[in-house]
2 protein chains.
Amino acid sequence: MKISQGVEWGLHCATLLALAPPDRVVRRDRLAAHYGLPEAYLAKHLQAMARAGVLHAVPGPRGGYRLGREAARITVLDVVEAVEGSTPPFLCQEIRQRGTGALPPDQCRRPCAIHATMTAADQAWRASLRTVTIADLVARLPAGVRERNEKIVS
Amino acid sequence: MKISQGVEWGLHCATLLALAPPDRVVRRDRLAAHYGLPEAYLAKHLQAMARAGVLHAVPGPRGGYRLGREAARITVLDVVEAVEGSTPPFLCQEIRQRGTGALPPDQCRRPCAIHATMTAADQAWRASLRTVTIADLVARLPAGVRERNEKIVS
DNA sequence: CCAATCGTGGACAACAAATATCCGCGATAG
DNA sequence: CTATCGCGGATATTTGTTGTCCACGATTGG
Ligand code: SF4
Ligand code: SF4
């Protein structure tokens with residue numbers, strides 16, 4: 001089990017964009033250079049975030065990215081799901097219906113206890129990520145870092 | 001982000017083994033056949049569970065597997081960590097120390113808010129899995145399935 | 001209108017991890 | 001002593017992640 005590195009990239013970029021003045025867009029090469037990331041690959045993740053509404057992209061000269069809505073209304077879970085997709089991490093293969101101990105399908109109407117347990121844990125994980133917003137992340141930035149990054153995006 | 005299918009295999013096998021009489025071992029090919037799994041690969045996961053103490057393996061003729069301790073003392077998290085390993089799913093790459101916006105290492109002593117958020121979510125996930133034991137899974141088996149599986153391992 | 005800029009999205013390559021198989025080994029029951 | 005059975009390393013196959021490239025459309029400014 002492993003979380004894509006794109007999640008970290010997306011969260012850092014979103015936090016940085018939250019420091020920009022309203023309606024100010026930041027070019028992609030700026031974001032990539034600031035964190036030392038491969039621009040072409042970062043583009044993939046930013047595009048996914050834009051499709052999810054977390055970011056808003058502006059094409060053309062003087063184009064770039066800005067947050068799709070106010071930072072206080074973007075949760076960490078929003079970014080995670082935008083980058084990673086929202087497919088549940090535990091995909092059931094219904095092995096109880098295979099092999100010599102296979103059960104008839106009518107005994108498998110409702111998901112079993114194993115499935116329920118894994119799903120509950122996944123929801124606990126998501127609920128935890130939903131309690132933190134990009135605005136919270138910004139608020140917890142050290143003052144020096146905040147000032148420094150504000151200059152970058154202004 | 002995806003959870004290894006071996007977790008599902010391990011949980012199913014542990015639940016099945018919990019139905020066996022005490023000190024009764026079940027051969028690996030029985031387990032594999034019962035769920036229609038590749039025996040050689042299932043062996044890898046069972047070995048990992050045995051190393052973690054979740055299962056106990058008996059070599060030699062009449063050998064096989066039994067639970068490493070009573071079912072009520074084996075949590076789902078124990079099985080998950082035995083099979084998946086316990087490396088945290090969010091591995092930080094410290095991108096704040098790279099690129100043109102790199103911060104000096106002395107500003108990166110403590111993990112940032114992003115790291116803390118992901119870690120908290122991971123702990124919530126683990127805590128949820130810790131609340132369910134193999135005994136709980138057995139208790140939630142349909143009566144018919146329980147009887148049927150008890151015959152298999154007796 | 002024209003040309004330079006910039007994000008879009010698909011195709012593709014390189015790499016890493018999960019999945020699956022095989023075989024020699026040691027332990028043990030009979 | 002021998003057949004059985006789990007152990008664990010080596011290895012192949014498949015899948016997913018990571019990274020690059022390029023043609024395209026949209027937009028700005030001249
Ligand atoms: S739903 Fe439950 S019984 Fe069916 S395959 Fe998934 S974990 Fe196994
Ligand atoms: S600790 Fe925080 S700032 Fe450093 S790389 Fe991880 S997420 Fe980024």
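View 1. A:Tyr41 has a relative accessibility of 40%, so here it counts as partly exposed (buried is under 20% relative accessible area, exposed over 50%, partly exposed in between, with a 1.4 Å probe and protein chains only). A:Trp9, at 3%, counts as buried. This is a predicted model, so local features need pLDDT of at least 70 and side-chain atom pairs pLDDT 80 or more, while totals for chains, interfaces and linings use all residues. Side-chain values use heavy atoms, with hydrogens and water left out, residues are numbered from 1 along each chain as its sequence is written, and chains are lettered from A and ligands numbered from 1 in the order written.

Over all chains there are 2 aromatic pairs (rings of Phe, Tyr and Trp, the last by its six-membered ring, with centres within 6.5 Å; planes under 30 degrees apart are stacked, over 60 edge-to-face, the rest tilted). For A:Trp9 and A:Tyr41, the centres sit 5.5 Å apart and the planes meet at 80°, so call this one edge-to-face. A:Trp9 belongs to helix α1 (residues 5-17) of chain A and A:Tyr41 to helix α3, so the pair ties together parts 32 residues apart in sequence (helices are DSSP runs of H or I, at least four residues; strands are runs of E, at least two; both are numbered from the N terminus).

**View 2. The ring pair in chain B.** B:Trp9 and B:Tyr41 also make an edge-to-face pair, 5.6 Å centre to centre with 80° between the planes. B:Trp9 is buried at 3%, whereas B:Tyr41 is partly exposed at 41%.

View 3. Strands β1 (residues 55-58) and β2 (residues 64-67) of chain B run antiparallel, joined by 4 bridges (pairing takes at least two DSSP bridges). B:Leu55 faces B:Leu67 across the pair. The hairpin has 5 residues between its strands, and B:Gly60 in the turn shows a positive phi of about 85°.

View 4. The side chain of A:Gln47 puts an N or O atom 3.4 Å from a base nitrogen, and a backbone N or O atom of A:Pro61 is 3.2 Å from a base oxygen. For B:Ser4, a side-chain N or O atom lies 3.0 Å from a phosphate oxygen.

Conventions
A polar contact is a pair of N or O atoms within 3.5 Å; within protein, one must be able to donate a hydrogen and the other to accept it, and residues adjacent in sequence count only if both atoms are side-chain atoms.
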